[in-house]
Amino acid sequence: MEQKPSRRVFLSVAAAGAGGLLLTGAGQAPARILARDPFTLGIASGDPSKDGFVLWTRLALDPLGPDGRGGMPARDVDVEWQLATDERFAKVVRSGVESARWKQAHSVHVELEGLQPGREYFYRFRADGHLSPVGRTRTAPEALSPLTFAVAACAHYEHGYYTAYRRLAQQDPDLVVHLGDYMYEYAPQGYTALGGSVRRHTTGKCATLADYRMRHAQYKSDADLQAAHAVAPWLVAFDDHEIENNWAGDVSSTDLPDFARRRANAFQAYYENMPLRRASLPGGASMRIHRRVDWGPLARFHLLDTRQFRDDQACEDGLRSGCDDRLASRRTLLGEDQRRWLLDGLAASDARWNLVGQQILMAQRDSKIGPGTEVNMDSWDGYAAERTRLLTGFRDSGAANPVVLTGDAHMHHAADLKLDFDDPDSPRVAVELVTSSIASDGDGYRDKGRVAETLAENPHISYLDQRRGYIVCRLTPEELQADFRTLDYISRRGAPAKTGARFTIPAGESSLI
């Protein structure tokens, strides 16, 4: 078994100094064009396969430069990269040079293949004599082997410190799944948490390419987020706030002009700032984010896009009672093509576990205590007929052990997914694990009375927790064990993470124990 390196290397983002310098070849070094460290946004890796992954960085001398270019010159910059099998780079197995293009915000995406499966690797970059931090990543295995992965979402910068990212990194996951709201588009104080804000957004609400680039840079500058990226490869998918709150397909939720242009700006900035493969390169106002990632024969991740192809929210959005339109069979959230892509992929999957990563609560959640129903139009409750078709497809696909992983809700949930949530005898077809937020809504709380009422109203939901946090899952052929990690505060630094609840999903059961 490979021995994992000490946590010191990864949680001290200053680990860049380990080992020797990258090689630049013979000859005199050219004059410097970067007067100071350009790796202020850290490094990252993502989308692992059995023989490769993506390595990412973005150069920025002044991350919050008002033109969105990070204080970089309007010229391309050569960036060297290096991959090794040890943290001190004594055994370098790959190296090369990529051009950080100024028209792509000096971002770098190195897409590697031909590596050994199931192997831990270390990587770093150098630009103009400056050396980046060191990151750890890994390829997916070829053989059946356990997997530890974390699930995270929703990190409003103003609402609190990113201690949850730091605690996540300290658990040394093999993989991190981030399910959206990585950044928020609001102007300063545009969306306030109950306890107020501890930090302040860059000026204005995001609309231009410079706005989105600057906002991503502000988030990426956080040392706790950088530590979480440096410790493992990530799978990322956006939700709404990477563009704007509750957008739906071509429909904006605001009265700002030219939504197609704003979408194109947001997608370009998202790609520039994420460890994504070329297959996700945006084409104007569209971007392919739904994809599959296999972790050997153990697991297949099916990542969904619940924004680009959906119909507008029914009954003018929000929490609604008596909204018949939400039940209409014509309404779609995934779009026909994506829904068929998912169900075909499930039917063809030989994986022991099929993990569906998506953004919004799939289980029915009735917020009205007592007679009547009140549900969220932005969630799957606003697209109830398609949800039934989808869950029926889960059952009929024959796919082993489907588990839905979800973000968005800002509170932990563990739920059984049923064909008919109002029928106690309706069969369970999958389990849903919903992560709370990293920071959004500020310090959490525990309203035990409200939680008890909500669980009684929704008996298919087994657990709710309004504190901030993330989920750590340990997956084997026999079971999935999910630890719901919670932090009591994020309005100041240093909160410990605790396990608020632990659930086990035995293989073949489609239910929580």
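**Figure 1. The whole chain.** Among contacts in the protein between residues at least 6 apart in sequence, what percentage join residues at least 24 apart? The share is 70%, where a contact means heavy atoms within 4.5 Å. Please keep in mind that this is a predicted model, in which local features need pLDDT of at least 70 and side-chain atom pairs count only at pLDDT 80 or more, while totals for chains, interfaces and linings use all residues. Residues are numbered from 1 along each chain as its sequence is written, and side-chain values use heavy atoms, with hydrogens and water left out. The protein holds 8 helices and 23 strands; these are DSSP runs numbered from the N terminus, helices being H or I with at least four residues and strands being E with at least two. With 513 residues, a compact globule would have a radius of gyration near 24 Å, and the 22 Å of the protein agrees with that. That radius is taken over C-alpha atoms, and the globule rule is 2.2 Å times the number of residues to the power 0.38. Along the principal axes, the C-alpha atoms fill a box of roughly 80 × 50 × 45 Å.

**Figure 2. Surface and interior.** Of the 513 residues, 61% are buried. Here buried means under 20% relative accessible area, exposed means over 50%, and partly exposed lies in between, with a 1.4 Å probe and protein chains only. The accessible surface comes to about 19000 Å², and carbon and sulfur atoms own 47% of that area. Accessible areas come from the Shrake-Rupley method with a 1.4 Å probe; for residues, only the protein chains shown count as cover.

**Figure 3. The largest pocket.** This open space has a volume of about 850 Å³. Of its 34 lining residues, Asn-376, Asp-408, Ala-409, His-410 and Met-411 are the closest to its centre. Strand E16 (375–376) and helix H8 (448–457) are the elements that give two or more residues to the lining, and H8 gives the most, with 3 residues. By class, the lining divides into 12 nonpolar, 11 polar and 11 charged residues. Ala, Val, Leu, Ile, Met, Phe, Trp, Tyr, Cys and Pro count as nonpolar, Asp, Glu, Lys and Arg as charged, and the others, Gly among them, as polar. On a 1 Å grid over the protein atoms alone, a pocket is an open set of points with protein on both sides within 12 Å along at least five of seven lines, a cavity is a set where a 1.4 Å probe fits but cannot get out, and lining residues have an atom within 4 Å of a point. Grid points are joined across faces, edges and corners, and a volume is the space filled by probe spheres set on the points.

**Figure 4. Leu-343 and its neighbours.** Leu-343 sits in helix H6 (residues 336–348) and is buried, with a relative accessible area of 10%. Not counting residues up to four places away in sequence, Leu-343 touches Leu-390, Gly-393, Phe-394 and Ser-397. Ala-439 is 96 residues from Leu-343 in sequence and 33 Å away in space, C-alpha to C-alpha.

Figure 5. Asp-483 belongs to strand E22 (residues 479–487) and counts as buried because its relative accessibility is 3%. Beyond residues up to four places away in sequence, Asp-483 touches Tyr-470, Ile-471, Val-472, Arg-474, Thr-499, Ala-501 and Arg-502. Gln-171 lies in the loop between helix H2 (163–170) and strand E10 (175–178), and at 24% relative accessibility Gln-171 counts as partly exposed. Leaving aside neighbours within four places in sequence, Gln-171 is in contact with Tyr-470, Val-472, Arg-474 and Arg-485.

**Figure 6. Two residues with positive phi.** Most residues other than glycine have a negative phi. Asp-258, in the loop between strand E11 (234–236) and helix H5 (259–272), has a positive phi of about 55°. Ser-510, in the segment after strand E23 (498–506), has a positive phi near 55°. Ser-510 counts as buried, at 16% relative accessibility.
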